[in-house]
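Work through the following exercises with the sequence and the three-dimensional picture side by side. Try each task before reading its solution.

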Amino acid sequence: MPNVQGTGQPGIDGGTMMIWNAPQNFDPTTSLRVDRHVGSGSGQMWNTYHTIWALGSTNPNNKGFEWVLTGELHNNALASTGAQNVAVNGTAFKESNGIGPVGPTWAGNFNCSDTTGEEDPVASCIGTEIDVSTTAHGTDKNRQRVGIQISMSGTNGAHSGYGIMMGTPAGGWIDRGIGFLGQGGQFQIGLDTTQAYFSKAAIMMAPNQFFAVDGDNDGNFKHFWDFDGSASALRYLTPGGPMLSVHDDGLVEVGRLANTIPHVPTSSFGSCVKGEQAYNASYFFQCVDTNHWKRAALQDF
């Protein structure tokens, strides 16, 4: 290939290169293929090598959208054909080497490294953005427009560790593990587990981690649930302290208790469950056994 740098002609060293492939019939070949095999004992520790490397840079005053790599697919295939067409696909096969355990494998790896030192940046640094758009109005009853789908597959009985796992190095900080941002649209359901089967817990938390039922953008809460590991109690808390505690031995502690719909019996043998209580303006009723009430008169003081 001659050196065509700066001439504007297609070439390996040129500024413009295009591959056009429009087969008339079935085409089993690949339009462009790059093979690279790393031989035994090659490479240096901590060095990262690239089969294909696309490098782009922008000026501070750049107004254009510089997208370093773009995969674009115009799909017109009928859904009835069963064809699955993908704009970008990364598949990594973790294969046995016959020697020992195979090392870490990433099918896709995206990094946004913020080296600006800006404490409160005004523009995003996003590791991965998934956008799904549509021109359809109304509902999606079949739930076919999906931002992220995670399918853990394998042979029957195969086990995978996590569907999604988040982590941060020591000293790191993540403000929100998962956040929902509404910008004029709406979410109908924030978290839906109705179509899943859980052999264990749908949500698992450790003792003294809490579940907040309100809060603001700064992470301040006024009402939340937790499990007190030292007291073995499920608690509902407010700024005034625990308002409800349910202990493992059945003890229930409440700040105040009001029976707003008392089911007052019409006789001593009205339907009831042992321990049930009721009242009216004249009497307090206690179910002492199944379908057996007793009462005590009430008086002003």
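A disulfide is here a pair of cysteine sulfur atoms within 2.5 Å. In general terms, a disulfide is a covalent bond between the sulfur atoms of two cysteines. The model is predicted, so local features need pLDDT of at least 70, side-chain atom pairs count only at pLDDT 80 or more, and totals for chains, interfaces and linings use all residues. Residues are numbered from 1 along each chain as its sequence is written, and side-chain values use heavy atoms, with hydrogens and water left out.

**Exercise 1. Confidence**

Find the mean pLDDT of the protein chain, where pLDDT is the predictor's confidence in each residue, from 0 to 100.

Solution. The chain has a mean pLDDT of 90, and 95% of its residues reach 70 or more. Helices (H or I, at least four residues) and strands (E, at least two) are DSSP runs, numbered from the N terminus. Confidence is lowest in strand S1 (residues 210–212), with a mean of 92, and highest in S8, with 98.

**Exercise 2. The disulfides**

Determine how many disulfides a search of the whole structure finds, and describe each of them.

Solution. Step one is the count: the search finds two disulfides, and with bonded cysteines counted along the chain their pattern is 1-2, 3-4.

Step two takes the pair Cys112 and Cys125, whose sulfur atoms are 1.8 Å apart. The torsion about their S-S bond is about -120°, so this disulfide is left-handed. Both cysteines lie in the segment before S1, so the pair ties together parts that are 13 residues apart in sequence. For accessibility, buried means under 20% relative accessible area, exposed over 50%, and partly exposed in between (1.4 Å probe, protein chains only). Cys112, at 39%, counts as partly exposed, and Cys125, at 35%, is partly exposed as well.

Step three takes Cys272 and Cys287, which form a disulfide with their sulfur atoms 2.1 Å apart. Here the torsion about the S-S bond is about 60°, so the disulfide is right-handed. Cys272 sits in the loop between strand S5 (252–254) and S6, while Cys287 belongs to strand S7, and the two are 15 residues apart. Cys272 and Cys287 are both buried.

**Exercise 3. The sheet**

Work out in which order the three strands of the open sheet lie.

Solution. Two strands pair if DSSP finds at least two bridges between them. The order is S6-S7-S8, with antiparallel pairing, and the edge strands, S6 (277–279) and S8 (292–297), each pair on one side only.

Next, look at each pairing in turn. Three bridges join S6 to S7, with Tyr279 as the bridge partner of Phe284 in S7, and these two strands form a hairpin with three residues between them. Strand S7 (residues 283–289) pairs with S8 over six bridges: Tyr283 has Ala297 in S8 as its bridge partner, and Gln286 stands opposite Lys294 in S8. The hairpin of S7 and S8 has two residues between its strands, and Asn291 in the turn has a positive phi of about 60°.

**Exercise 4. One histidine**

Solution. Contact means heavy atoms within 4.5 Å. Leaving aside its neighbours within four places in sequence, His247 is in contact with Ala231, Ser232, Ala233 and Glu253.
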